Amino acid sequence: QVQLVESGGGLVQAGGSLRLSCAASGRTFSNYAVAWFRQAPGKPREYVAAIRWSGGNTKHADSVKGRFTISRDNAKDLVYLQMNGLKPEDTAVYYCATGFGTGSNYASPASYGYWGRGTQVTVSS
């Protein structure tokens, strides 16, 4: 009943920036978390950042702190991931996820029951 669509991925030079968007349709709840994960070729899925749909405190993985910022659009059901200082190791498919998970750890995929199909981010070296 919740659909998520990521956009904004593409090819960028190392040191550049991209802004990913996660658009939600259907029912969302302000107390639910929404998060970004990424998966690089041959690597496990990795937590990136999390926020509540209602905003407030944000969480970022150590690997992206100081470079990536998660935020929410106050007017729409949109969550952004502003990515600055991109590195080749950031290359991955980026997914957004929300709601109805069974876990309580915001950094765990088990905490999220709805996932988008991902958007590719490629950072050239």
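Modeller: Let's start with a term we will need: a polar contact is a pair of N or O atoms within 3.5 Å; within protein, one must be able to donate a hydrogen and the other to accept it, and residues adjacent in sequence count only if both atoms are side-chain atoms. The model is predicted, so local features need pLDDT of at least 70 and side-chain atom pairs count only at pLDDT 80 or more, while totals for chains, interfaces and linings use all residues. Residues are numbered from 1 along each chain as its sequence is written, and side-chain values use heavy atoms, with hydrogens and water left out.

Our part is strand E4, residues 33-39. Strands (E, at least two residues) and helices (H or I, at least four) are DSSP runs, numbered from the N terminus. Five of the seven residues in E4 are buried, where buried means under 20% relative accessible area, exposed over 50%, and partly exposed in between (1.4 Å probe, protein chains only).

Now for the neighbours of E4. Two strands pair if DSSP finds at least two bridges between them. E4 runs antiparallel to strand E5 (residues 46-52), with six bridges joining them. Strand E9 (residues 92-100) also pairs with E4 in the antiparallel sense, over six bridges. Ala35 shows both pairings: Ala50 stands opposite in E5, and Ala97 is the bridge partner in E9. Between E4 and E5, the hairpin has six residues, and Gly42 takes a positive phi near 75° there.

Next, look at Arg38, which also lies in E4. Why does Arg38 count as buried? Because its relative accessibility is 5%. The Arg38 side chain makes polar contacts with the side chains of Asp90 (2.9 Å) and Tyr94 (2.9 Å). Contact in the plain sense means heavy atoms within 4.5 Å. Leaving out residues up to four places away in sequence, Arg38 touches several others, including Pro44, Val48, Phe68 and Ala92.

Tyr94 leads us to the core. A nonpolar core is a set of buried Ala, Val, Leu, Ile, Met, Phe, Trp, Tyr and Cys residues joined through side-chain atoms within 4.5 Å. The largest one has 33 residues, and Trp36, Leu81, Met83 and Tyr94 have the most contacts inside it. E5 gives the largest share of this core, five residues. Among the residues that Tyr94 touches are Trp36, Leu81 and Met83, as well as Arg38.
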